[in-house]
Amino acid sequence: MPEFVHVLRGIEDVQREPVSLVSPGQSISVHLWPWPFVGVVCFTFDCEGTYGDGSSFRGETEVVPHLARFFRSHSVKGTFNVLGRMAVEYPTFIGTLHECDQEIAGHGYSHEYLDSMTYSEQMAEINRTVDAIKSITGSDIRGWRSPFATFNRNTYDILVQKGFEWTSNFGRSLWGHLPFQPIIEGETFPIVEIPFDDVHFDAMMFFWIEATAEQIEPLWKNHIVATRRNGLLFVFLAHPVNLAEEPYRVTLIENVLAFAQRFGDIWIASCGEICRWYHTISKVALTVDSARKQGNVAEMKLTIRNSGAVGVNNAAIRVQMSHPIRRVESSRRMPSKSSIEGRPTAALIRLPELKASQETQEILKIHLS
Ligand SMILES: [Zn+2]
């Protein structure tokens with residue numbers, strides 16, 4: 001994957017979710033996703049024509065409006081990362097995205113490598129993109145995927161300074177399948193990175209390995225099944241310019257979205273929605289005050305704190321035991337899932353609404369098989 005090797009420069013580490021170990025093989029943590037969702041699928045589209053040279057724009061003028069209406073009809077938001085230049089040359093599709101309540105984010109002005117630009121060149125590139133989109137929608141964009149996923153410390157300095165809330169610049173093959181705050185040259189940036197699928201994205205499927213629709217659809221669906229089973233995030237990436245080449249490719253996207261939605265417990269969310277939830281749930285922490293096992297019942301006393309300034313609804317706890325779980329009782333009689341698809345030893349327990357700065361105690365009784 002030589003295209004993504006340059007992403008590594010200057011990045012030292014990423015933060016991971018805290019997990020309390022109860023005993024070897026058993027853990028308990030604040031569930032990363034809102035109840036009742038066990039995993040997340042995020043559809044992202046880089047709207048760049050053929051880098052805005054005007055030679056191919058059917059992706060933006062035909063495919064994007066179609067997808068925007070399709071997503072709205074399924075009551076979900078996709079994330080459309082738009083080249084500033086495409087917004088200037090083909091403003092109508094931005095209007096359609098806006099009307100269909102889809103998320104619009106930035107993808108550079110003319111699709112050039114940001115990491116080979118000076119600070120002021122990057123600033124100009126980002127400002128031009130923000131202004132081009134704002135001239136149509138009336139609002140500032142809050143999300144960013146760099147052209148070719150290129151960036152350096154300056155990029156993040158500028159994005160944070162300009163109030164960006166999320167980026168999607170890190171490939172999940174190296175950086176994992178969960179959001180995180182990037183650490184670049186030792187500095188943690190107050191921005192949420194939503195790592196994208198750099199393994200099974202559209203160009204890889206259609207052009208590099210030349211897979212057929214019959215091969216691609218089950219592969220993407222399997223990835224969704226695995227995402228759900230493991231409580232992860234799958235950030236699908238496609239380019240409307242590629243989808244416009246063959247009608248079956250849009251059908252593939254529609255089939256995959258419908259497949260994910262049928263489970264009922266997969267959150268189909270935009271990058272912005274994931275970012276906002278990540279901030280909310282990051283303020284919720286739990287400690288295990290005591291844990292004991294009597295017969296087939298494990299009992300845990302927990303303290304749960306919301307250190308945030310806003311209330312949290314739909315938070316949940318994820319428990320991993322070393323034996324299959326039969327059922328879970330919580331002291332507040334909150335709903336639970338006594339197993340997660342394919343994971344009979346894992347359970348989710350919904351938490352009551354946590355008010356701002358609230359601390360609460362909870363007792364869980366986990367009945368094991
Ligand atoms: Zn691009």
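Visitor: What relative accessible area does Arg85 have here?

Guide: Arg85 comes out at 29%, which makes it partly exposed. The classes go by relative accessible area: buried is under 20%, exposed is over 50%, and partly exposed is in between (1.4 Å probe, protein chains only). Before we go on, keep in mind that this is a predicted model: local features need pLDDT of at least 70 and side-chain atom pairs pLDDT 80 or more, while totals for chains, interfaces and linings use all residues. Residues are numbered from 1 along each chain as its sequence is written, and side-chain values use heavy atoms, with hydrogens and water left out.

Visitor: Which residue forms a salt bridge with Arg85?

Guide: For Arg85 the partner is Glu89, with the closest N and O atoms 2.8 Å apart. Both residues sit in helix H3 (residues 84-89), four residues apart, or about one turn of the helix. Helices (H or I, at least four residues) and strands (E, at least two) are DSSP runs, numbered from the N terminus. Glu89 is partly exposed too, at 33% relative accessibility.

Visitor: How many salt bridges are there in the whole structure?

Guide: The search finds 18. Among them is the pair Asp140 and Lys134, whose closest N and O atoms are 3.5 Å apart. Asp140 is partly exposed at 36%, and Lys134 is partly exposed at 35%.

Visitor: Which strands does the salt bridge between Arg305 and Glu359 tie together?

Guide: First, the distance: the closest N and O atoms of Arg305 and Glu359 are 2.8 Å apart. Arg305 lies in strand E15 and Glu359 in strand E20, so this pair links parts that are 54 residues apart in sequence. Arg305 counts as partly exposed at 33%, and Glu359 as partly exposed at 46%. Elsewhere, salt bridges with shared partners join Arg153, Asp157, Glu185 and Glu187 into one network.

Visitor: What is the strand order in the open sheet that holds E15 and E20?

Guide: Two strands pair if DSSP finds at least two bridges between them. Here four strands run in the order E14-E15-E20-E17, with antiparallel pairing. E14 (284-294) and E17 (325-330) are the edge strands, each pairing on one side only. Neighbouring strands are turned by 20° against each other on average, direction ignored; the axes behind that angle are lines fitted to C-alpha atoms (for helices over the stretch in contact), and angles run from 0 to 180 degrees between N-to-C directions.

Visitor: How many bridges join E15 and E20?

Guide: E15 (residues 297-306) and E20 (residues 359-368) pair over nine bridges. Where E20 meets E17, five bridges join the two antiparallel strands, and Glu329 has Lys365 as its bridge partner in E20.

Visitor: Why is strand E16 described as largely enclosed?

Guide: Four of the five residues of E16 (residues 316-320) are buried, so the rest of the structure largely encloses this strand. E16 pairs antiparallel with E3 (residues 26-30) over four bridges, and Ile28 stands opposite Val319 there. E16 is also joined to E19 (residues 346-350) by five bridges, again antiparallel, with Arg318 facing its bridge partner Leu348.

Visitor: Which residues are the protein donors of the zinc ion?

Guide: Donors are N, O and S atoms within 2.8 Å of the metal (3.2 Å for Na, K and Ca), and since water is not among the atoms, sites may look incomplete. Here they are Glu48 (OE), His107 (NE2) and His111 (NE2), lying 2.0 to 2.1 Å from the zinc ion. Their spacing along the chain reads E-x58-H-x3-H. Glu48 lies in the loop between strand E4 (39-47) and helix H2 (58-73), and His111 in the loop between strand E6 (103-106) and helix H5 (119-137), so this pair ties together parts 63 residues apart in sequence. Both Glu48 and His111 are buried.

Visitor: Which residues form a nonpolar patch on the surface?

Guide: Patches take residues with over 30% relative accessible area and no salt bridge, joining like charges within 9 Å and nonpolar side chains (Val, Leu, Ile, Met, Phe, Trp, Tyr) within 5 Å. In this model Phe207, Trp208 and Ile209 make one, with about 290 Å² of accessible area together. That area comes from the Shrake-Rupley method with a 1.4 Å probe; for residues, only the protein chains shown count as cover. Ile209 lies in the loop between helix H8 (202-208) and helix H9 (213-229).

Key: Salt bridge = Lys/Arg side-chain N within 4 Å of Asp/Glu carboxyl O.
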